[in-house]
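Thanks, everyone. I'll talk about helix packing today. Please have the model open.

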Amino acid sequence: MLLVIAAVGGGFVALNSVDLPEVDAPVETSFVCLAGTGDGGCGPDNSVAQFSSSENRVVLPYDEMPRILVQAVLAAEDRSYFGHSGIDPVGIARALYQDVKSDGSTQGGSTITQQYVKLVYLSSERTLVRKVKEAALAVKLERKYSKTEILERYLNEVYFGRGAYGIEAAARAYFDKPAMDVSLEEAALLAGLIRAPEKADPSRHAEEAERRRRTVLAAMVETGDITPVQAEAADNVPLEGTVLERAPKANNTVVRAEFAGAGGEYVTEWVRQQLTSMFGEGAAYTRGLRIYLTIDESQQRAAYESVANVLNQPGDPAAALVSITEGGQIQAMVGGNDYANNKVNYALGKAGGGSGRQPGSTFKTFALAAFVEAGNSVKSVYSAPKELILPKADEGKDWPVHNYDDHDLGTLTVEEATWRSANTAYAQIMQTVGPQKIAEAATKAGIGVDVPPNQSVVVGTTEVSVLDLATAYSTFANRGAKVAPFVIRRVEDPQGNVLFEQPEPAREQVFAPEVADTVTSVLRGVIDKGTGRPARMNKRASAGKTGTTDEYKDAWFAGYTCHRTAVVWVGYPQPQQMLDVRGVKVSGATFPAQIWNGYMAKATEADDSCTWEARDVGTNKVNPELVAGPPTTTTVVPPPTAPTVPGAATPTTAPVTTAASPPPPTTTAVAPPPAAQAAGAAPTATP
């Protein structure tokens, strides 16, 4: 025994010159909080999601640690902690002697300071050199830090099983409560786990868990922290019903059930991707970030429920929705219907793992903006026959453009052509302004992908995301001012230091206010008396546009009030699958408009009212010789209405009235293609 002590002393002197290594900040779990989170901070109690690595940890300062749990750990692991200088020489010598005597077997004897050294500085190997080095570093550690500082670090570092590191994560993993709220029996159980947590997990080894808890309680009686009566009462508390069942191994991202039930998993994954771009790979899982979002809980719930109420049958298509305030805050995002089976976020297009989708006639709004910006009046008149042939417009071939269901709509003003989503009229509007100007208008408004200036641009053949289209339509809601949308408003470190603060978004005036107001004035008619009537709200003035692609593959509704913009997409995961749902061919005027109405009716309840006056800033009237009016031989067919869906909101619609007018020409118009324009095939768009 004396020889062992002498060997330890000699080794200790030799290793006393070893420098104390620098310690990296502990790996911590990050938390995500929604809009409305106050100054109390973002943490386990008010977060909707968390990111953690293999080490689930929430660091607590010493003065926020429960006294009963500190006493339990000290009684179980190191009763003389506040009396020694980091090591217990007799205990070390006894452990080493037993190790040598038993020829490879090991025995404890480390103080809490030594345990902390082993956790953060050394490996777990059991060798004489490692034990002596551990002791030397423990002494150095006690010279550098106070006892409470070391104890705080230890209690935040030690592993308790179930992926929980530190007492805060442990209390939540076993009891679903903060560490500060643990009872005596709970504190004793946690303290008993430290030596070998997997061998005493109450879900798998209840008898061993009870035995260890009893041992800790007895130790606390010996240290005078509790009375025998308290120990007996705590020992009699059954484990069953008081300890959580062991959950399956957690993923790195955990979303609270109520937020996941409102589509929150799509939002959380997008936030994680942004954090990676901002702070580097793995930062979300290790740095203990506190992430504050613009997502509003009630808005998110309303958006998801609106989708679920309409698309509620087996085999129904997927849907996506994005809602943006006038200040650029994304308050709701539905990326899909079933994250567990399909993690593609359809709201983000390519950025969400998808491809983007063709927006159909919602792109007519950009043609309208280019038309108005060029000084043209929305009272300009165009013929809208059931078919219009554009010679050599489809890569040298003739391009036949058809109206919805081949309806001959007679002659229409530009605003009427917008209300009725007249493809043949808009093909001529495209020729008036040129596809280049339409592509430029879309880009200026906020479409973030490249928009080819093909003639087909007018009927929306460019694949876009729901977020892009919402951004672009919000530009018109903001009277021509483009505001970049955002979902992360602030990021803090665990101490509350601000790492990122979203600045006030810049408002870039990309259209003159009177141009945007004229566009809004026309789009109001789409909802009040056109294809978008199923989206009409009783209490709020709104503007919008329907969109449906060739053969009913994608259906859209994009609309806004003066305070917020929302865009809805409906389609199948397979881009080429027709939207034939329950016997209904889904256009933008059906399910998308109905979903939009259901969401916006709730979302705008607290918004101020808007007053939008009719505007027509243009002075040039195209085709003044034409007079708007219906055809003489074709009945004007009202736009399709949404089918009745159980549980869905029923929008208020208005009847369509068609005033008598002099008849237009009854022959099919053939418009020559403008010179020097890019050609491109265009599927037939529908409302």
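**Two helix pairs**

Start with helix 2, residues 67-77, and helix 8, residues 184-193: their axes come within 8 Å and cross at roughly 40 degrees. This is a predicted model, where local features need pLDDT of at least 70, side-chain atom pairs count only at pLDDT 80 or more, and totals for chains, interfaces and linings use all residues. Residues are numbered from 1 along each chain as its sequence is written, and side-chain values use heavy atoms, with hydrogens and water left out.

Helices here are DSSP runs of H or I, at least four residues, numbered from the N terminus. Axes are lines fitted to C-alpha atoms over the stretch in contact, with angles from 0 to 180 degrees between N-to-C directions.

So helix 2 is oblique to helix 8. Cut-offs: under 35 degrees is roughly parallel, over 145 roughly antiparallel, 65 to 115 roughly perpendicular, the rest oblique.

Who touches whom? From helix 2, I68, L69, A72, V73, A76 and E77; from helix 8, L184, A187, A188, L190 and A191. Contact means heavy atoms within 4.5 Å. By class, that contact has 10 nonpolar, no polar and one charged residues. Ala, Val, Leu, Ile, Met, Phe, Trp, Tyr, Cys and Pro count as nonpolar; Asp, Glu, Lys and Arg as charged; the others, Gly among them, as polar.

Next pair. Helix 15, residues 364-373, packs with helix 20, residues 513-529, at about 135 degrees, axes 9 Å apart. These two are therefore oblique as well. Helix 15 brings T365, L368, A369, V372 and E373; helix 20 brings V515, T518, V519, V522 and L523. The tally: seven nonpolar, two polar and one charged.
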